Amino acid sequence: MKHIANLGITTKEGFSVKQLERFPSMEWGDEGGMRADLYYKNIRICQVFQEGNGGEAIAYMDAKLNEKLLKEVQKAALACLKRLEPNSYGPQGYDWLKNKTPSKIDDGDYEAVVNNIEQYYDDLKQAKKIFKKGYTAVAVIDNYFKVSYLYCDFKTIEETKAYLTEKHPNLKYDSLRLIVNSPNLSTL
């Protein structure tokens with residue numbers, strides 16, 4: 001079971017996660033269940049709960065949310081998911097995002113925002129260890145729920161793709177991100 005009080009990461013859209021807990025579930029194993037507080041521009045908007053036993057996530061929306069703020073949050077959540085998950089879960093990506101509107105953002109979408117922030121937190125933790133060894137970048141290679149890291153000194157994603165194409169032409173991946181050592185690592 002893991003508990004992180006504050007992940008210390010904010011998306012460009014303004015989302016952050018606090019009080020993240022992972023606990024055992026029947027479907028996904030040791031850390032398959034999740035509870036987290038999701039914030040938008042430092043305002044707690046909901047607690048996301050995923051039991052991890054085969055059901056959907058539940059987002060318990062904060063009572064303080066007024067209609068105007070909720071619409072802003074929904075619009076930002078859709079923008080965040082479209083930016084962070086263009087190719088998730090296979091070559092077709094999230095087909096449902098193509099036709100999704102802000103008013104149709106649901107509990108599972110808030111869970112996806114939390115999961116993206118948590119994944120970046122885990123990737124950043126790995127990258128910081130590698131930066132101490134002298135590397136200036138870490139490529140995060142995501143292939144259908146399996147994440148691999150390439151320690152490198154590339155400055156752009158294009159350099160990374162060219163290297164992978166040349167050295168590992170048969171490597172298939174769902175998404176590729178490059179974390180370059182910089183002062184603004186806490187922004188996703």
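Strands 1 and 2 make a hairpin with 4 residues between them, and G14 in the turn has a positive phi of about 105 degrees. The model is a predicted one. Strand 1 (residues 2–10) pairs with strand 2 in the antiparallel sense, over 5 bridges. Within that pairing, I4 has L20 of strand 2 as its bridge partner. Strand 2 itself (residues 15–25) is largely enclosed by the rest of the structure, because 8 of its 11 residues are buried.

Turning to the rings, a search of the whole structure picks up 4 aromatic pairs. One of them is F15 with Y40, a tilted pair at 5.1 Å centre to centre and 50 degrees between the planes. F15 sits in strand 2 and Y40 in strand 3, so this pair ties together parts that are 25 residues apart in sequence. Both partners are tucked away: F15 is buried at 0% relative accessibility, and Y40 is buried at 4%. F23 and F49 have ring centres 6.0 Å apart and planes at 25 degrees, so they count as stacked. Here F23 belongs to strand 2 and F49 to strand 4, so the link is between parts 26 residues apart in sequence. F23 is buried too, with a relative accessible area of 14%. There is also a charge over a ring: K18 lies over the face of Y39, 4.7 Å from the ring centre.

Most residues other than glycine have a negative phi. K41, though, has a positive phi near 50 degrees, and N42 has a positive one near 65 degrees. N42 is exposed, with a relative accessible area of 68%.

Methods: Residues are numbered from 1 along each chain as its sequence is written. This is a predicted model: local features need pLDDT of at least 70, side-chain atom pairs count only at pLDDT 80 or more; totals for chains, interfaces and linings use all residues. Side-chain values use heavy atoms; hydrogens and water are left out. Buried means under 20% relative accessible area, exposed over 50%, partly exposed in between (1.4 Å probe, protein chains only). Helices (H or I, at least four residues) and strands (E, at least two) are DSSP runs, numbered from the N terminus. Two strands pair if DSSP finds at least two bridges between them. Rings of Phe, Tyr and Trp (its six-membered ring) pair if their centres lie within 6.5 Å; planes under 30 degrees apart count as stacked, over 60 as edge-to-face and the rest as tilted. A charge sits over a ring if NZ of Lys or CZ of Arg is within 6 Å of the ring centre and within 35 degrees of the ring normal.
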